[in-house]
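Welcome, and thanks for taking a look. Please open the sequence and the coordinates side by side, and then walk through the notes below.

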Amino acid sequence: MEFSREKLRQIRHLMVLAAALVLAVIYSSQVLQGARFLLGIFTPFLMGGVIAFVLNIPMKAFEEKVFGRWKGKGSGKARRPLCLVLSIVSVLFVISIVVGTVVPQVASTAAEVGKKIPAFMDDVMEEVDKLAKNYPELTRQIDQLELEEINWDSMLNSVLNFLKNGAGDVLNSTVSVASGIISGIVNGVISFIFALYILSQKELLEEQGRRILTAYLPEAVGRKVLEICGLLYRNFSSFITGQCLEAVILGVMFVVAMSVCGMPYALMVGVLIAFTALIPIVGAFIGCAVGAFVILIDDPLLALWFVILFLVLQQLEGNLIYPKVVGNSVGLPAIWVLMAVSVGGSLFGIAGMLFFIPLMSSGYALLRESVNDRNRGRKILARPQPGPEEGSGRDGEGENGPKKGQEKSRKPSAGRKR
């Protein structure tokens, strides 16, 4: 039995792939360590790509809708830097609004809580005194307890041991924390600069990527890779846009509802809930907890009414607004959205929640297209669901051919004039 040259090449590639997989399984610890090392090296560039993708959404809107008529030579060169600066300013403006609205109010609330703690402790001591007067037997039992004397020598030895052994640990921890902060700042600067390079030359990078795919991949495979990349870009862009729009709508709803009901801190709570609502499903509850805590300091009963108002608006938003704004934008059913949030949150935290919904939406669209293509190739079409008058047969046909009702319906059509 002789094999063709193409078949031998495929067998050789499969053998190399199998050997690589076996070696990866045998040396799995070294492979994971190397993957972590490479991930640590490329983390600033990956973060720069994420920043560029987020900034590209407002920058593209500025380029197409605001400065779309600037097509001359001089104006065309100035349009890209201007739109990039405007997109950065808009993102920083939104972040500054959130920080400037929420942080001072939370800080003042914490300070107010600190001021109320002494009065609360005085009330507690008064209640304890009343309890001791009303229940003298309890006081007698407490007095009968034998309290151990404090061993000052052992306490002094413990302090000395901590100063001897713990000073080095504290110094090492301080150095590690300082180095982590410095490396984080450096990586952030590198990521931001890399994002600026991507946004300023995105058309050139796109063309280079196309040329690389056409040079090293077959035409059909390269076309499919470009199609998948386009699908991922559309889903991620639609998800981010829809999530931001849904968060703004939810924040405005809370500001208006709390203002109408006469609740305090309406603007702060609305901005906080709008910002935390960017996290799918669970984000708004974080804003609810902070808002309820802030209102609780002023009026506990009003905090309870705020929680009730939050549940009502959350149901309204989850059942009417979110499916229309975000669900339709990514084209993913609600059950798969919940699965994506759960899996992504378990693996990568909040970033996983944001990342897995458009990723699963893309996989869902590709799987649906593949299933439809395979069924179409096998001539298996989607069958309509049987109505109440069609019985249990498939497409009106049983095992022995068409039903009697269908034969009767076909007889009048045979006598029609053609």
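What percentage of the 418 residues in the protein chain do buried residues make up? The share is 21%. Please keep in mind while reading that this is a predicted model. The protein chain has twelve helices and two strands.

**Overall layout**

- Read from the N terminus, the elements of the protein chain follow the order α-α-α-α-α-α-α-α-α-α-α-β-β-α.
- If we take contacts between residues at least 6 apart in sequence, 66% of them join residues at least 24 apart.

**Helix H7 and what follows**

- Helix H7 covers residues 219-261.
- H7 has 43 residues and spans 63 Å from its first C-alpha to its last, which is close to the 63 Å expected at 1.5 Å a residue.
- After H7 comes Gly262, with a positive phi near 75°.
- Tyr265 sits in the loop between H7 and helix H8 (266-276).
- The phi of Tyr265 is also worth a look: it is positive, near 60°, in a residue other than glycine.
- For background, most residues other than glycine have a negative phi.
- Tyr265 counts as partly exposed because its relative accessibility is 22%, and the cut-off for buried is under 20%.

**Helix H8**

- Nine of the eleven residues of H8 are buried, so H8 is largely enclosed by the rest of the structure.
- The buried residues in H8 include Ala266, Met268, Val269, Gly270 and Val271.
- Also buried in H8 are Leu272, Ile273, Ala274 and Thr276.

**How H2 packs against H7**

- Two packed helices are described by the angle between their axes and the distance between the axes.
- For H2 and H7, the angle is about 75° and the axes are 11 Å apart.
- H2 and H7 are therefore roughly perpendicular to each other, since angles of 65 to 115 degrees fall in that class.
- On the H2 side, the contact is made by Phe53, Val54, Asn56, Ile57 and Lys60.
- Their partners in H7 are Tyr233, Phe236, Ser237, Ile240 and Thr241.

**Salt bridges**

- How many salt bridges are there? The count comes to seven.
- One of them joins Glu63 and Arg80, whose closest N and O atoms are 2.4 Å apart.
- That pair links distant parts of the chain, with Glu63 in helix H2 (residues 28-66) and Arg80 in helix H3 (residues 73-134), 17 residues apart.
- Both partners are buried: Glu63 because its relative accessibility is 9%, and Arg80 because its relative accessible area is 16%.
- Glu63 and Arg80 also belong to a network of salt bridges that links them with Lys202 and Glu203.
- Arg210 and Glu206 form another salt bridge, at 3.3 Å from N to O.
- Because Arg210 and Glu206 are four residues apart in helix H6 (residues 202-216), about one helical turn separates them.
- Arg210 counts as partly exposed at 36% relative accessibility, and Glu206 counts as partly exposed at 45%.
- Glu219 and Arg223 are four residues apart, about one turn of the helix.
- Glu219 is exposed, with a relative accessible area of 65%, whereas Arg223 is partly exposed at 48% relative accessibility.

**Two serines in helix H11**

- Is Ser362 buried or exposed? Ser362 is buried, because its relative accessibility is 2%.
- Ser362 lies in helix H11 (residues 334-377).
- Leaving aside residues up to four places away in sequence, Ser362 touches Leu231, Leu232 and Asn235.
- Ser361 is found in helix H11 too, and Ser361 counts as buried at 2% relative accessibility.
- From C-alpha to C-alpha, Ser361 is 8.8 Å from Pro333, with the two 28 residues apart in sequence.

Methods. Residues are numbered from 1 along each chain as its sequence is written. This is a predicted model: local features need pLDDT of at least 70, side-chain atom pairs count only at pLDDT 80 or more; totals for chains, interfaces and linings use all residues. Side-chain values use heavy atoms; hydrogens and water are left out. Buried means under 20% relative accessible area, exposed over 50%, partly exposed in between (1.4 Å probe, protein chains only). Contact means heavy atoms within 4.5 Å. A salt bridge is a side-chain nitrogen of Lys or Arg within 4 Å of a carboxyl oxygen of Asp or Glu. Axes are lines fitted to C-alpha atoms, for helices over the stretch in contact, and angles run from 0 to 180 degrees between N-to-C directions. Angles under 35 degrees count as roughly parallel, over 145 as roughly antiparallel, 65 to 115 as roughly perpendicular and the rest as oblique. The expected span of a helix is 1.5 Å times one less than its number of residues.
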